[in-house]
Amino acid sequence: MKNYVYLIFLLFTAFSFAQEVTVTGKVVSKEGESLPGATIIEKDTNTGVVSDFNGNFEINVSSNTATLVVSFVGFEEQEVQLDGKSYTEITLLESPESLDEVVVKGFAGIMGKSRKRTESIQKTAESVTALNAKGIETAGVTDISSFSTLVPNMKFNTSQAVGVNFITVRGIPQIRGGEAPVAFVIDGVTIPDPSLLNQELYDLALVEVVKGPQGALYGKNAIGGAINIYTQEPTNTFSNKIKVGYGNGNSKLFQYVSSGALKKDKIFFRASAQYKDTDGLLENITLDEKVDFMKDINLRGEIRAKISNNFTITGSYQYFNLEGGAAYFSVNPDGNFFDPGMPGGVLDPNPKKGNNVIVANELGKSDMKNNFGNIKMDYNTEKIKIQSITSYNKVKRSTFGDFDFLEYDDFTQNEITSTKTFNQEFRFQNRNSNSKLNWNAGGFYQNIEEPLYQDGLVRDYDTFEQFNVIVADVLNETRTFALFGFADYKITEKFSASVGFRYDFDKFSQEDYLFEVSSSRSTNVFQPKASISYQATETVLLFTNYGRGYRTGGFNSGVTDLFDRDFEDEITDNYEIGYKTSWWKNRFIFNGSLFYTYFKNQQQYILDLNEFIPGIYNYDESKILGFEIETRLRLTNFLDVFANYGYTNAEIVKGGTTGGDNGNSTDNNLYNGNKTPFVPVDNFSIGLESNFNITEELKFNGFLNLNNTGKTYWHESNLQEHTSDNYSLLDARIGLEYKKFGFELWGRNLLDTQYYQEFSPGEFFGSPDDVGWRGQPLTVGTIISFKF
């Protein structure tokens, strides 16, 4: 018996010592800046990982006395003895490099988190476009709009007022009054209000777009994909950065970022503030004033407390106050149905200097205030990472402006709306990244309250007096419960398979105080996802995906011939095949994909001016077929060339019949076979990027991008007079860094191209006038920065 006990003791002891140890850490430069893409390997083994976009890593080693070998391009390799530590911060020193070095280095690769796990985007079986901190700075990305010019089959427009956005991904557009076709996620927390997509972005570590339905990973409304934003993390050493800038239109910028440790290795903070102000560039010739003025105040703060090696609490808060112009739509100066010779009437959807003017007699104004806070708790067991995310968001928006967009005192518009959202999510995830099976699962709860009030002045042409008309006074509420899971299994060294799901239980209700109507409905939606990938070689990945997408329906504020009280949920079935390749020692990247989407109940927006009520209706069926390619070539150590192209054929299959609740209806089957409005047929970008050291202390970076947006149909009729031709925008940026100082010159739309971001043909809306929302003209500026 003693021998058996002794044998069991020996086996248990041997087993215990054979257990792997999980070590976490961060790789930084001597200035404390994160080093994404650094390689961390346990010495004398094949076990290795790569640091993420914030320099963080997690590796399973044989013991807590193991030695790590850490390397990064341009830095000296370093060996680190763990000495029993489960967390280590590793500082690498830059290695001296010859300016005339002959060997051209390949792309290091970008680490993303599209599947909620850190991995190279070249190894991810999804269509992903991403930039890390260095790429973001070089490209001059400051918002989603500037990033979208680098993404095939993605277009971001704004219109009418601050917070009114139109984002289109792979032929799936965002419409007025509807949800965005993508999930918008900052630091792992879903941002619930689509109006927040046009906020300023700064102090970033990663921005990535993953395309195709992502409901299994990101929840409802991720019908076209997800936009992931990760900000720079708090640091263990103190650092500060100040930026000041000036541009045309009397544009001014001030930005301050500070980070450090309140208690070394335990409590960290990061705080930032930004102020932007511009007088604008577009002029109202009636008022002799600029109308696209803007003022933005943005404050952010984050505190991270490392309670233990396994338990971390992070609290963050963001506030911004955005004020700007509104309702400055352009009209045709050459004629009007009411009075020939006066502004209005038919407007060319391809604007040229002189054939469109802004003449409204009311100076439009809008504002948006946002308060967003969240608490994240991360607890690591030996095998599982447990995460809780609690967030609350409150947005308030208001808009006032002209509604006839002419110099007449006829109509005005006024809107006040707000959104209050509470989210709670619990997520569980395995920790061993070397395991054949990686998985995550969890639950989600959300409650949204959204009051909406709209009114305006209307002129009575019999008495020529104005009177106020209330258009909408409603309270919309949405409650969501969801369960989700995703697993990826490595079948062989080359084959992997993934499956995932999300099941949403949604309840919608509306109280209409104007018409004294109460409405409610419930929806249960299952969103499956599956993919298979084949790693043909170390640098060639083939993959295929299937996913179901879901975007919520809702209620309109009234009933007309054009729409009913409610509009249906959208459902898509999506199929994709793709490839990711790297050639010539990683100096040439060539990725591509082909996709098909079957659309049920696609939503569309319309403004019925006969009743002065906006609303949303559905097509019965539509379909999308498209493809996209992305390439990047390193010509020398100092110069990269990049290009991408996206094509989308979005078609109405069965328009169906809308309206009818009031006894009348509209037949949209007239448009069967036509192109879906608001979807560019194609887009492409081509450009140059450069980063190099002029001397050991003087660094240069530059960026040039020509972005082309293809033909866009603004109405289901596809009439040529309501269709915009393709147009191109040229953006550029050059920067210099000397020690702790930085200087940059930037420019957008350098060709001063005139184009519309939105166009509304009056004949289909009960209006005598076509109107268009002009894009920004040439803007240039300079920025000076200082680190200390």
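## Contacts along the chain

Of the contacts (heavy atoms within 4.5 Å) with a separation of 6 or more, 64% join residues 24 or more positions apart. The model is predicted: local features need pLDDT of at least 70, side-chain atom pairs count only at pLDDT 80 or more, and totals for chains, interfaces and linings use all residues. Residues are numbered from 1 along each chain as its sequence is written, and side-chain values use heavy atoms, with hydrogens and water left out.

## Overall build

The chain holds 4 helices and 51 strands. These are DSSP runs, numbered from the N terminus: helices are H or I with at least four residues, strands E with at least two. Along its principal axes the C-alpha trace spans about 105 × 65 × 45 Å.

Buried residues (under 20% relative accessible area, 1.4 Å probe, protein chains only) make up 55% of the 788 residues.

Strand 43 (residues 682-693) runs antiparallel to strand 40 (residues 639-654), with 8 bridges between them. Two strands pair if DSSP finds at least two bridges. Y647 has D682 of strand 43 as its bridge partner.

Strand 43 also runs antiparallel to strand 44 (residues 698-709), through 11 bridges. A hairpin of 4 residues links strands 43 and 44. G687 stands opposite N705 of strand 44.

## Around Q603

Q603 sits in strand 37 (residues 603-608). Its relative accessibility is 1%, so Q603 counts as buried. A polar atom of the Q603 side chain lies 3.1 Å from the backbone oxygen of E568. Leaving aside residues up to four places away in sequence, Q603 touches residues including I175, R551, F567, E568 and Y617.

Notes:
Buried < 20%, exposed > 50% of the residue type's maximum accessible area, 1.4 Å probe, protein only. Polar contact = N/O pair within 3.5 Å; in protein donor to acceptor, adjacent residues only side chain to side chain.
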